[in-house]
Amino acid sequence: MISTAYKFVRFEKSKSLGILTAIVISIYLIGVELGMFFYLANLIGGIVGNSNSDYAQIFVVKRQTNNVNQLSPFDIRWVNQLRSVEGVDETHGFIVANVSVKLPNGNDAPAMIIGSDYPAMAAGPHPGLLLSGDIHNLSFPDMVSSDYYDNRTFGFNLQQGTQFEINGKTATIGVTTKSAKGFSTPLIYTTTSKARFYSGLSGFMVSGIIVTVKDPDKIEPVISQINHIAPDLKAWRSDMLSKTTIVNVMTANNMGMSFGTLIIFGIISGFFIIGLTMYSATYDRIKDYGTLKAIGASGHYISLLVISQSVIYAVVGFTVSLLLLIITKAGMAKAGLIIGLTPPFLIFLLSVTLLISVGSSYFSINKLKKVEPSSVFR
């Protein structure tokens, strides 16, 4: 079956090349769009995603907040009060504030400073994000972090030991991270006290509270209790706050609609282009299929033959698309745009490829059902 299908594919070289080109373009564009979507989603939920998962099971913020990038400060006394809730192992207040940085070359740029108590550093950056330096360096005076990929945004190469200014006060890079980025502005991590010093936030206020609940079964009961005793605050599971933030930003800016529309159009256009090209190739070889029927091939066999051809197109097209995506990923990574080609993501792309290729073979199969063996002699 496969060998026969391959002969049909090889014989119609021009049509096969057209089908493969359509598959490659469709899957490549879908892969890039989805990769950019997931990349932006990670940036939008970056404050939650960059936190230390050993401590950050629950986030407590102001009740009206549904975007972790826009936090309103509240009374710091809640940090101690929530510690008394049954099931809570620890609580950690953290600071998130907008600041302005002045670089050694004289350039000014906006940034967001995030501070949490040392040594837990519950708000991050988590150990997997460290590129150089040690997290303990942030406990020293003036020490803050910077991200490798934010150097392009700042227009200056900030390295460990570089001095610059935050809101007119001297700061030194003690840790560099990689991919600890924010959505709209660079993220700078430090301790709570230094975040207050640089941002000017009152010592009686916090931007949020990270609640540590080591027993997974107690997370929901703790959330329920906190929401009951603190009517002005709201407790979120970490993953739910991240998802809610992503949905909020995506819908507010219509980014989700834009990405979704492009992906749907990519699938639909690929489906019909491939389907019509395969139909044309089938029509050109109609007598060959008639011959197969004349020598005893069943309609089921003919259908499987066409599907086998579409599978060959899908496998070859997906392989070429994957190579292009790998090259694109390497190129984008230099600019700080990280596209993750994870196994689930690649399985999804392969499934879409098979759906487009095999699904579009319906036009050809429907045509061949009507072919009579006698058509060979016409």
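Strands are DSSP runs of at least two residues, numbered from the N terminus, and by that naming methionine 121 is found in the loop between E4 and E5. The model described here is predicted.

**The loop between E4 and E5**

- Strand E4 covers residues 108-116 and strand E5 covers residues 130-132, and the loop between these two strands holds proline 119 as well as proline 125.
- Most peptide bonds are trans, and most residues other than glycine have a negative phi.
- The bond from tyrosine 118 to proline 119, by contrast, is cis, with an omega near 10°, and a cis peptide bond also joins glycine 124 and proline 125, where omega is about 5°.
- Methionine 121 counts as buried because its relative accessibility is 1%, and the cut-off for buried is under 20%.

**The loop between E7 and E8**

- Asparagine 167 is placed in the loop that runs between strand E7, residues 163-166, and strand E8, residues 169-177.
- Although asparagine 167 is not a glycine, its phi is positive, at about 50°.
- Asparagine 167 has a relative accessibility of 34% and therefore counts as partly exposed, a class that lies between the under 20% of buried residues and the over 50% of exposed ones.

**Packing of helices H2 and H8**

- Two packed helices are described by the angle between their axes and by the distance between the axes.
- For helix H2 (residues 13-44) and helix H8 (residues 238-252), the packing angle is about 115° and the axes are 9 Å apart.
- On the side of H2 the contact is made by Phe37, Leu40, Ala41 and Ile44, while H8 contributes Thr245, Ile246, Val249 and Met250.
- The crossing in which H2 passes H8 is right-handed.

**Helix H6 and the glycine after it**

- In helix H6, which spans residues 192-199, the buried residues include Thr192, Lys194, Ala195, Arg196 and Tyr198.
- Glycine 200 follows H6, and the phi of this glycine is positive, near 85°.

Note on methods. Residues are numbered from 1 along each chain as its sequence is written. This is a predicted model: local features need pLDDT of at least 70, side-chain atom pairs count only at pLDDT 80 or more; totals for chains, interfaces and linings use all residues. Side-chain values use heavy atoms; hydrogens and water are left out. Helices (H or I, at least four residues) and strands (E, at least two) are DSSP runs, numbered from the N terminus. Buried means under 20% relative accessible area, exposed over 50%, partly exposed in between (1.4 Å probe, protein chains only). Axes are lines fitted to C-alpha atoms, for helices over the stretch in contact, and angles run from 0 to 180 degrees between N-to-C directions. A crossing is left-handed if the near helix is turned anticlockwise from the far one by less than a right angle, and right-handed if clockwise. Contact means heavy atoms within 4.5 Å.
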